[in-house]
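Please look at the structure before reading on.

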Amino acid sequence: MLPACRFATTVLARSSIPLSLSSCYPRSRLVPRLSSFPAGVRAMSATTAREDPFKPAQRVAGQRQDVWSIVNEAAAASPVQPIVNMGQGFFGYNPPKFALDAAKAALDRVDCNQYSPTKGRPRLKKALADAYSPFFGRTLNPDTEVTITTGANEGMLSAFMGFIEQGDEVIIFEPFFDQYISNIEMPGGTIRYVPLHPPKDGATRTSSASEWTIDFDEFEKTINPKTKMIVLNSPHNPVGKVFSEAELERIGDLAVKHNLIILSDEVYDRLYYVPFKRIATMKPEYYERTLTVGSAGKAFYATGWRVGYLIGPEHLIKYVAGAHTRICYSSVSPLQEAAAVAFEEADKQGFWDESRDEMKDKVERFCQVFDELNIPYSDPEGGYFVLANMASVKLPEDYPFPPHVASRPRDFKLCWFLIHEVGVAAIPPTEFYTDQNAHIAEDYLRFAVCKEDDVLETAKQRLRGLSKYIQR
């Protein structure tokens with residue numbers, strides 16, 4: 001499990017990496033002289049230019065309009081105002097008081113307003129090691145087995161940048177968190193997709209998220225000599241599946257057999273409603289190849305804090321930390337300190353049980369409207385997303401969908417329709433699929449229930465308006 005060359009030397013000798021672009025390239029490469037351009041180009045203004053004269057990198061060129069902008073655009077134009085936003089997974093309420101108080105106190109401290117160590121503030125790393133050691137059945141070393149990142153997403157980017165080279169392959173399960181794609185492609189990785197298969201009768205009955213299953217023959221056939229990493233997400237976004245021990249063992253054994261790294265995205269690790277197992281804790285040989293990703297933002301209702309972390313063996317963590325140093329150097333100091341206090345206090349305050357019970361209650365109360373309408377859904381085992389199957393909702397044939405929606409799968413049309421006719425925003429999950437497998441999810445919509453109770457009740461009231469569009 002060799003690291004990417006770009007960071008292998010960083011860990012051994014920081015001085016081996018130039019500290020600025022100007023030390024890598026002559027200034028003429030970075031800022032071409034204006035006189036070197038033709039006169040017509042020099043005179044070109046924004047009002048006369050027909051297209052951008054500077055060719056972007058392929059990784060960001062030609063991307064179709066993303067789901068977030070489509071939903072926000074629809075919400076802004078909807079005649080039903082204000083829209084009840086059940087789309088993006090940000091919380092509709094504040095972090096617990098002990099976390100907020102810690103953040104406010106940190107702002108008054110000089111050291112908390114300056115750079116933190118690149119691997120994270122010692123207090124936070126120790127708090128995380130103390131909090132997670134019981135799960136791992138061993139005492140984690142906060143200095144070598146924990147690193148702090150600017151949110152879990154940047155942590156995963158750092159993991160990919162630390163280990164993936166041009167041509168390496170990474171396996172992810174569909175549906176996937178959309179940021180995985182760009183994060184893997186940035187260092188030159190190639191993605192191989194393995195779909196989770198929903199129950200065949202998911203359009204006619206409510207079923208457990210556990211019934212979304214992996215075809216392990218299909219999975220193993222996807223592994224080849226170029227495969228370097230498997231990305232696992234449990235509890236899963238958007239399905240809400242908590243992978244069983246049997247499933248994790250089969251994944252882990254395949255990783256050992258083919259000498260693969262496991263990136264285990266466990267940002268919803270405190271929100272589970274069935275027994276939850278961390279793959280890194282199951283066998284020593286799994287731990288040695290697993291990077292476990294966590295999120296203080298998800299744990300404490302503070303997604304805007306952007307405090308993430310990775311736990312794993314030193315021979316993996318040091319290269320993630322090396323990549324993180326080159327991506328953003330260090331993460332937000334006062335909020336790291338606040339997250340440290342939050343982890344120290346959470347057990348004492350009974351916060352984990354309370355937050356889990358409250359979220360499970362939100363899931364159950366929100367899903368009552370689907371039970372009333374006889375709309376089947378995937379009952380989540382963890383997290384705060386619900387996938388509802390809208391196959392019975394018949395869209396008017398002559399409905400005026402804009403071209404950028406009309407050209408997308410049915411769930412985008414359902415999403416647009418709900419916003420404009422019902423006043424509720426959800427997310428179309430085919431955005432989390434390849435075009436080849438988008439048909440699996442085109443009748444579903446994803447709803448985020450991490451909202452205030454009155455918002456959930458308003459959403460339920462509005463969703464009852466779907467009854468006139470339901471045909472069976």
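Are α7 and α15 roughly parallel or roughly antiparallel to each other? The model is predicted: local features need pLDDT of at least 70, side-chain atom pairs count only at pLDDT 80 or more, and totals for chains, interfaces and linings use all residues. Residues are numbered from 1 along each chain as its sequence is written, and side-chain values use heavy atoms, without hydrogens and water.

Helices here are DSSP runs (H or I, at least four residues), numbered from the N terminus. Two packed helices are described by the angle between their axes and the distance between the axes. Axes are lines fitted to C-alpha atoms over the stretch in contact, with angles from 0 to 180 degrees between N-to-C directions.

| Helix pair | Axis angle | Axis distance |
|---|---|---|
| α7 (residues 122-136) and α15 (residues 333-346) | roughly 25° | within 8 Å |
| α6 (residues 97-107) and α15 | about 145° | 8 Å |

α7 and α15 are therefore roughly parallel to each other (angles under 35 degrees count as such). In their contact (heavy atoms within 4.5 Å), R123, L124, A127, L128, A131 and Y132 of α7 meet residues of α15, including Q336, E337 and F343. By class, this contact has nine nonpolar, one polar and three charged residues. Here Ala, Val, Leu, Ile, Met, Phe, Trp, Tyr, Cys and Pro count as nonpolar, Asp, Glu, Lys and Arg as charged, and the others, Gly among them, as polar.

For α6 and α15, the contact involves F98, A99, A102, A103, A106 and L107 of α6, and α15 residues including P334 and L335. This contact has twelve nonpolar, no polar and two charged residues.

How values were computed:
Helix = DSSP H or I, 4+ residues; strand = E, 2+ residues; numbered from the N terminus. Parallel < 35°, antiparallel > 145°, perpendicular 65-115°, else oblique.
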